[in-house]
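Subject: Structure handover

Hi there,

Here is the structure I promised to send over. Have a look at it first, and then read on for my notes.

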Amino acid sequence: MSTPTATLEQVCNRLQRMLEARRDVSQWTFVAGESEQHQLFAISDTIECRRKGTTWNVLVRVFSDHPDGGGRGEASIVLDASTMDERSIAGVVEAAGLVKNPPYRLVEHECSGIGIPLLEEKELLSERELEQYVSSSVRRLNEECREACDSHGRAGITYFELFRNVIRKQFRSSWGAEVRWSETRYLLEAAAVAEGNGRAAESFRLLESRTLQGLALEEELRASLTEARDLLSASGPELTGKLPVVFRGAALENIMMPLVAHLGAEYLYRGTARYGDSDTIETIDGVPGFRLEFDNGRPWGLHSAPVDTEGIPSRRHVLLDRARIVSRWGTSQYAAYTGLEPTGTPMELALHPYEEARLGDDSLPLPRMEIHELSYMGPDPLTGDISSEIRCAYEIDERGRRAVKGGIVRGNLFSNLHTLRFSRRSRYAPGLLAPEWFLFEGMEIHG
Amino acid sequence: MEVFVGLEAKMKEWVARLCERYHYASILHTRRKGRRFIVMDRVERIGFARPSAGFAVKLLDDEGFREFYLPTIDDDALEEMERASRGTSGSHPWLGRLERIMKESAAKEKGSSASGVHPAAIMDPERMESSEILERLRNLQRACREPWISRLDLTYSYTVCERCFADPYSWKEEKALLSSCHSMVTVSMDGDTRYCFHVNGRRGGVELIDEIEEGTREAARTARELIGAGPPPAGEHRLVVDPDVAGLIAHEAFGHGVELDMILKRRSNAEGYFGSSVASDLVSMYDDPTLPGEYGSYSFDDEGVAARRTCIVENGILTHGLSDLHTALRLGLEPDHAGLGHGRRESFSRKAYARMSNTYFGPGESSREELIESMDEGFLIQYASNGMEDPRGWGIHCEALVARKIRNGRLTGEIFTPVTITGYVPELLSSIDGVGDDLRLFGGGACGKGRKEFVEVSDGGPTLRLKARLG
């Protein structure tokens, strides 16, 4: 696709000159990104719409210090081809001047020599090759399904959308830091639908990865087809009340969000941190058997970047080790207000269980509920409450394994931290390297 | 419209040029800009909304639809689009219907007015200094402050959205100003921390800030009441739901359940139920982008099709779904189909899908008090927060913050949180046996398709009495 009239380098140079000319700006940073995207939309395995395009934009943050310790002003703006001018810069600088937050400064890291692999290494497939690759994979899976069609009914991938994004990025700051990097992002959305005996069921997948192989397309869609077929015979839960509950796959999404929020400088500063300024969580939530950390520089991490928008270089930070709070995370502002080291926001978490908290797949308790997908997995970050409808689960007892759809799982993350047990194997999902499953002892299932 | 001076002739010329290589060509141009103001305790923020200015070019050749999106269009871009054509040797099977839909839409547009859908703001934020807007938020924070409130965060944001559209049959343009203002109140007491919120969003301006004062005070009182509260007893219960919760039910039920592109993907159960009873005969449900001043309103959709009110459920019977252009062509919908005009894009760089606009239950005749007084035992559900669709399974998942116990027609003072409402959509809608006369719409939120493609919508309804599972 034809690119904007200026290259990314020219855009960055022009913007830097405009910002350097402002005497009323104490510090500034920007992250510019130019994205080339190819989008495919298919019904079954047939492409029905193709889209391609190029866009660019720049996130600019400006900081101004009011005289006589009057506080720090700050504002941000995203610029694109329609707004990249002196007027926009004047507007954001004026806005920063209106804000009077308690004083702080961005730490002026050098940021030189940082590099992490985020760009698909081998040569990218052409648009036609990419179409053929994904269409033929889906066709093959659907043919397998047709051959396996039995009394349980038919199943197939009924649509997919594939996006490939190649992005070039640059970070620059008022203190001369410059970082350039490139990245790829793939996104595949698809549904498997099974129909038979007058019923229908679906299993949905949204897969994201830095590489095409990383989508594990056939493996994931095959698992989705299995779930859809299983759900044809699913009913509401027979096992109810308090029982061991295993969360897997998509059901693990965001599960650690409340704990991470309460280990942040913002909650501490605003007086809502569960653990106050204590260095342990033991007195409130017991001793969990894991280490929680983050590393926004994780190679191939979907949310990884060498540096964040404040110029904080990405590196590993341990937050929690069993019950001990090793460090808290914080943006430059809230870290300064609470006397902590600024770490940036955790984007790539890792949870490592200790041996005492690990279980083999064959040691899981009976009876139990294994949840693969919830209607919505968004534990309340402040309270840690979990309450969601079961979209796909299996209840397992002495009688066997039955698919479950419907009913509610509910409980609280914090009150379960010390009961958590984990699989021995780990897997990477966007933003979370963690065991394949988490076992909660104290969740409730309601029909 | 002043902002598009010079563009109309160019876009028409580009369309004409592309139509030499394609069966059909249309160009949508969108520009979005805005600001966000946040006032928290001791910390403030001003940000400028992510701009989104560019063109979405929709083309039909022998292979099907092809789209290009780009920030600017020049000769190089046009040449590349021309080269990408897979030919127009035959007459594409969709072409005749496509032409009829777009011609019908062009004729409809002549009789409508974008200004009717987007009334002018009382206080236009584009004409106000940032300092004045910030000061209004600070004043509101001071006015609502109570010693027992731990955190009181206020946000006002607005987006100016300008769109114009050209195809061989029409030129359309509109400008909309969307504002939303919300408050979040946190209370910490007795070792427990709880919160509550109030949201107001619609076409309009800075006047929305003044409108949330009472709602913010009410949210603060509710947050304090929630201290020590636990979840409601699980199981099937009789419920009275507030208009915002009714809106969430409408949105997640026949809302997402009747987006017709989901039928093409075999992800919707609705296909076999049009003309059938899916709800109590007290229930009528609509999606109407032509409502003046609402958060999801527009005069034409992002494929240039004129907006129209769609009756989704009439007296309990499922009547129409919501359609984008591609789906209409695949399903063979006629140009006068009531569900057309719902093709919406997150931005020019995203595809148009069948989407909702302003989705709501029609009003009934009962007062809210009558609905509560008529209930022996149950719960009043308030403060809708989140939901998720399940069009294939017709399941429903709605989250709310508050359940209040009702016994013998009165609120007992017992309060519970959090609340999850689940059920099978036709069962839940068929259980509605009381419909209030207090229809209200609630904007300020965004709706995703699956887990992406967010567009501004509103939803609402009157107070409803129904039966559903609580968790």
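Predicted model: local features only at pLDDT ≥ 70, side-chain atom pairs only at ≥ 80, totals over all residues.

Arg266(B) sits in the loop that runs between helix H9 (261-264) and strand S9 (285-287) of chain B. Its phi is near 55°, a positive value in a residue other than glycine. That is worth a second look, because most residues other than glycine have a negative phi. How accessible is Arg266(B)? Its relative accessibility is 29%, so Arg266(B) counts as partly exposed; the band for that label lies between 20% and 50%.

Asn408(B) is not a glycine either, and its phi is positive at about 50°. You will find Asn408(B) in the loop between strand S16 (395-407) and S17 of chain B. With 63% relative accessibility, Asn408(B) counts as exposed, because the cut-off for that label is over 50%.

Next come two cis peptide bonds, one in each of chains A and B. Most peptide bonds are trans, so please check these two when you open the model. In chain B, the cis bond joins Thr417(B) and Pro418(B), with omega about -10°. Pro418(B) is in the loop between strand S17 (410-416) and strand S18 (419-424) of chain B. In chain A, the cis bond joins Leu366(A) and Pro367(A), and omega is again about -10°. Pro367(A) belongs to the loop between strand S13 (358-359) and strand S14 (368-374) of chain A.

Does the radius of gyration agree or disagree with a compact globule? For 447 residues such a globule would have a radius near 22 Å, and chain A has 25 Å, which agrees. Buried residues make up 59% of the 447 residues in chain A. Of the contacts in chain A between residues at least 6 apart in sequence, 72% join residues at least 24 apart.

As for the surface, the accessible area of chain A is about 17200 Å², and carbon and sulfur atoms account for 47% of it. Chain A carries 52 positive and 67 negative charges, and their mean positions are 1 Å apart.

The part of chain A I would show you on screen is an open sheet of 6 strands with mixed pairing, in the order S11-S10-S9-S12-S20-S19. Its edge strands are S11 and strand S19 (426-429) of chain A, each pairing on one side only.

Within that sheet, strand S9 (residues 290-295) and strand S10 (residues 316-321) of chain A pair in the antiparallel sense over 5 bridges. Here Arg291(A) stands opposite Asp321(A) in S10(A), and Leu292(A) stands opposite Leu320(A) in S10(A). In a regular strand, side chains alternate between the two faces of the sheet.

Best wishes

Terms used. Residues numbered from 1 in each chain as written. Chains lettered and ligands numbered in written order. Heavy atoms only, no water. Pairing = 2+ DSSP bridges. Helix = DSSP H or I, 4+ residues; strand = E, 2+ residues; numbered from the N terminus. Rg over C-alpha atoms; globule rule 2.2 N^0.38 Å. Buried < 20%, exposed > 50% of the residue type's maximum accessible area, 1.4 Å probe, protein only. Contact = heavy atoms within 4.5 Å. Areas by Shrake-Rupley, 256 points an atom, 1.4 Å probe, with all protein chains shown as cover. Lys, Arg positive; Asp, Glu negative; His and termini not counted. Charge placed at Lys NZ, Arg CZ, Asp CG, Glu CD.
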